[in-house]
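This briefing is written for a reader who is new to protein structures. Please examine the sequence and the model shown below before reading the points that follow.

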Amino acid sequence: MLMEEGVGVVHLLAKPTPGTDREAVIAAVKQAEADGCQVITASMLGHKADVCVMALSPDWSVLRALQTGLQRAGLEVVDSYVSITEVSEYAKGLPEQMLKDRLYPNLPPEGLPAFCFYPMSKKREAHANWFATPFEDRKSMMMEHGTSGRKFAGQLVQLITASSGLDDFEWGVTLFAKSPEVVKNVVYTMRFDEASALFGEFGDFYVGYLDYIENML
Ligand code: 76R
C-alpha cells in the first residue's frame, strides 16, 4: 500500500530470543533497504527493549515485510509505533526544502548518536484542551516551543511523525542527539514551554544509541 505523500514510519522495539537467527535478522534489514526503505537501528538501554528498528518507506507493504522478516528471524517485538511523516500545520510557511525534509527525511543525521523515542499527545481536558484552543494561540505556543528547541541547534534533530488514527498517541517523537545529556536537557527545557507544560501527555520513553544491527545480536 503506497502513501500519497510522505512516508510511513514504524518503530519496532524488540528483544532477541534464544532462537534468534542473527543472519536472518541482518538479511531482513538488508532486504528492506534493497526495497528502498530507510532503516535506522539502535541499541537500547533498560528492560523495555534491547533493539529499536525504525523504518521509513512510502510503501507500507515494505514495512510489513521487514516486520515479518524480523519476527520470523526470532526477534520478539515487545512494543511498536506506527506513524507517518507530515508538515506540521504550524510549519507550513517554512522554505520549500525544509518542507521536503519533513516529508522525506534523510536519516540518521550525522554526529548525533544518542537515540530517543516516545509518543505524545496534547490534552483534551476541560481546563486544558489543545484542540479547542484557537489556532493563533496554538501557533504562538508552538513558536515558543520552536524557539526553545532552536537553542539546541547542532546538538539535536527532532523528527515528529503524526499518528492520529494510526496509533495510541497523536505524534511519535524521535530524537537524534549529541549525547544522552542533550536528550535530557531538551526534554526538561520543553517541560516549561506552555505547549508541553499545560498540554503534553507522554507515553513510554525509549533511549539508546545508534548502532549496526550486526553489533546487537
Ligand atoms: O519544524 C520546525 O522546525 C518548526 C518549528 C517546530 C515545530 C512546528 C519545532 C521545533 N517542533 C514543531 C512541532 Mn518540536 N519537539 C517536540 C518534542 O518532550 C516534549 O515536551 C515535546 C517533544 C521535542 C523534544 C521537540 C524538539 N514538536 C512539534 C510537534 C507537532 C505539533 C503539532 O503539529 O501540533 C510536536 C508534538 C513536537 C514535539 N522541536 C523543534 C524540537 C526542537 C529541538 C525544535 C527546533 C528544531 C530545529 O532547530 O530545527
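Rings of Phe, Tyr and Trp (for Trp, its six-membered ring) form a pair if their centres lie within 6.5 Å; planes under 30 degrees apart count as stacked, over 60 as edge-to-face and the rest as tilted. By this rule, the structure holds nine aromatic pairs. The model is predicted: local features need pLDDT of at least 70, side-chain atom pairs count only at pLDDT 80 or more, and totals for chains, interfaces and linings use all residues. Residues are numbered from 1 along each chain as its sequence is written, and side-chain values use heavy atoms, with hydrogens and water left out.

**Aromatic pair and cis peptide bond**

- The ring centres of Y118 and F205 are 3.9 Å apart and the ring planes meet at 20°, so this pair is stacked.
- Y118 belongs to strand β5 and F205 to the loop between β10 (200-202) and β11 (206-210), so the pair ties together parts that are 87 residues apart in sequence.
- Helices (H or I, at least four residues) and strands (E, at least two) are DSSP runs, numbered from the N terminus.
- L107 and P108 are joined by a cis peptide bond, with omega at about -10°; P108 lies in the loop between α3 and β5.

**The largest pocket**

- On a 1 Å grid over the protein atoms alone, a pocket is an open set of points with protein on both sides within 12 Å along at least five of seven lines, and lining residues have an atom within 4 Å of a point.
- Grid points are joined across faces, edges and corners, and a volume is the space filled by probe spheres set on the points.
- The largest pocket holds about 1400 Å³ of space.
- This pocket is lined by 42 residues, and R102, H145, G146, Q158 and I160 are the closest to its centre.
- Among the elements that give two or more residues to this lining are α3 (96-103), β5 (114-122) and α4 (135-150); α4 gives the most, with seven residues.
- The lining has 27 nonpolar, seven polar and eight charged residues, where Ala, Val, Leu, Ile, Met, Phe, Trp, Tyr, Cys and Pro count as nonpolar, Asp, Glu, Lys and Arg as charged, and the others, Gly among them, as polar.

**The ligand**

- The ligand takes up the space of the largest pocket; a molecule sits in a pocket if more than half of its atoms lie within 2 Å of the grid points of that pocket.
- Around the ligand are 22 residues, of which R102, Y118, H145, Q158 and S196 come nearest; a residue is near a molecule if one of its heavy atoms lies within 4 Å of it.
- α4 provides the largest share of this shell, with five residues.
- By class, the shell has 14 nonpolar, six polar and two charged residues.
- A polar side-chain atom of R102 lies 2.9 Å from an oxygen atom of the ligand, and one of Y118 lies 2.5 Å from an oxygen atom of the ligand.
- For Q158, a polar side-chain atom lies 2.6 Å from a nitrogen atom of the ligand.

**The second largest pocket**

- The second largest pocket has a volume of about 240 Å³.
- Its lining consists of 13 residues, with E33, V39, T41, D211 and Y212 nearest the centre.
- α1 gives the most to this lining, with four residues.

Key:
1 Å grid on protein atoms, 1.4 Å probe; cavity = no way out; pocket = protein on both sides within 12 Å on 5 of 7 lines; lining within 4 Å. Polar contact = N/O pair within 3.5 Å; in protein donor to acceptor, adjacent residues only side chain to side chain.
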